[in-house]
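These are my notebook entries on one protein chain, kept in the order in which I looked things up.

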Amino acid sequence: MARTCERKRAASVPGRRQLATAPIDILVLDRQRTFADAVVKWLKAEARVASATAVYSAQSARCVMVSSHIDVMLVDGGLPDNSALTLCAEAASRDHPPRIIVLSTSAEAGHIVAAIHAGANAWVRKNESGEHLLHVIGRVARGETWVPPSELGQVFRLLLGELERMGQEDPLAALTRRERDVLFHVAEGADRKAVAEQLHLSVNTVRTHMQSLMAKLGVHSALEAVAVARSWLDVTAPMGNPPIGDRPGGQASAASSPGW
């Protein structure tokens, strides 16, 4: 990704790329100084960011989060002693947590699920292009989640397996009817705008319902919320909608919208 970032910078055209949000503050944590510096340099040159800062250790990242506002944090998934997951959990527990993107040389489903549990919002391979990274940054800055599509099916199966091991208690019992409706449509693959149109709600109201139901389910992303509640969705479909399994094409899944 570092070499790609440099090539993109050399071929840049006037005008910075938009992230579809207000300018944001980004923190890049990676053990490889050359990589972290290259990503920050590219973001400053190519993206509409308020600031981009490189650090090279988890402790340095903690210091920056204490002293500065951070909207999005890119974390090296290869930090020793699982310190990347520890840092993700610490950041996610803050009053105003940054959105977290894990950067890794690989994309193993088990590692992705562990990162999701720790509070990460996205997973990006380091060999992806700078343009792809910028795309994912824009999505997570808008409150979305991103998982590599090639790994989404296995990630979903692992999350479902965890649900089975958790027991038989109905995870939807604490949700309001409207929150169940929102979750049902998300499971069908609808994005936030589509859910709002289908339920005749504003996009902000859908976002509020989604944040509320994720808090009740104890999860950090829409993908995880669907996985936790998936086995119960068929019997709790919104009024007027047949269960997912009775629809043409069989069961739907969040895979149709990996960046919700």
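This is a predicted model: local features need pLDDT of at least 70, side-chain atom pairs count only at pLDDT 80 or more; totals for chains, interfaces and linings use all residues.

Entry 1: Of the 260 residues of the protein chain, 49% count as buried, where buried means under 20% relative accessible area, exposed over 50% and partly exposed in between, with a 1.4 Å probe and protein chains only. The chain has 11 helices and 5 strands; these are DSSP runs numbered from the N terminus, helices being H or I of at least four residues and strands E of at least two.

Entry 2: In what order do the 5 strands of the open sheet stand? I read the order as 2-1-3-4-5, with parallel pairing, where two strands pair if DSSP finds at least two bridges between them. The edge strands, each pairing on one side only, are strand 2 (49-55) and strand 5 (122-125). From one strand to the next the twist averages 20 degrees.

I then went through two of the pairs. Strand 1 and strand 2 pair in the parallel sense over 6 bridges, and Val 28 stands opposite Ala 54 in strand 2. Strand 4 (residues 99-104) pairs with strand 5, also in the parallel sense, over 4 bridges; Ile 101 has Ala 122 of strand 5 as its bridge partner. Helix 2 (residues 33-46) packs on the sheet and touches strand 1 (24-29), strand 2, strand 3 (72-76) and strand 4, and its direction makes about 170 degrees with that of strand 2. Helix 4 (residues 83-92) likewise packs on the sheet, where it touches strand 1, strand 3 and strand 4, its direction making about 165 degrees with that of strand 3. For these angles, axes are lines fitted to C-alpha atoms, for helices over the stretch in contact, and angles run from 0 to 180 degrees between N-to-C directions.

**Entry 3: strand 5 and the crossovers.** On one side of strand 5 I find Ala 122 and Val 124, on the other Trp 123 and Arg 125, and all are buried, which leaves both faces covered. Arg 125 is the bridge partner of Ser 104. The path from strand 4 through helix 5 to strand 5 is a right-handed β-α-β crossover, meaning that, with the strands pointing away from the viewer, the path from the first strand over the helix to the second runs clockwise. Strand 1, helix 2 and strand 2 also make a right-handed β-α-β unit. In helix 5 (residues 109-118) the buried residues are Ala 109, Ile 112, Val 113, Ala 115, Ile 116 and Ala 118, and the helix is followed by Gly 119, with a positive phi near 115 degrees.

**Entry 4: packing around helix 10.** At what angle do helix 8 (residues 177-187) and helix 10 (residues 203-217) pack? The angle is about 95 degrees, with the axes 9 Å apart, and the two helices are therefore roughly perpendicular (65 to 115 degrees; under 35 counts as roughly parallel, over 145 as roughly antiparallel and the rest as oblique). Among the residues making the contact are Val 182 and Leu 183 of helix 8 and Val 206 and Met 210 of helix 10.

The axes of helix 9 (residues 192-199) and helix 10 come within 8 Å and cross at roughly 105 degrees, so this pair is roughly perpendicular too. Here Arg 192, Lys 193, Val 195 and Ala 196 of helix 9 meet Val 203, Val 206 and Arg 207 of helix 10.

**Entry 5: positive phi outside glycine.** His 200, in the loop between helix 9 and helix 10, has a positive phi near 60 degrees and is exposed, with a relative accessible area of 72%. Asn 82, in the loop between strand 3 and helix 4, has a positive phi near 55 degrees and is exposed at 55% relative accessible area.

How values were computed: Residues are numbered from 1 along each chain as its sequence is written. Side-chain values use heavy atoms; hydrogens and water are left out. Contact means heavy atoms within 4.5 Å.
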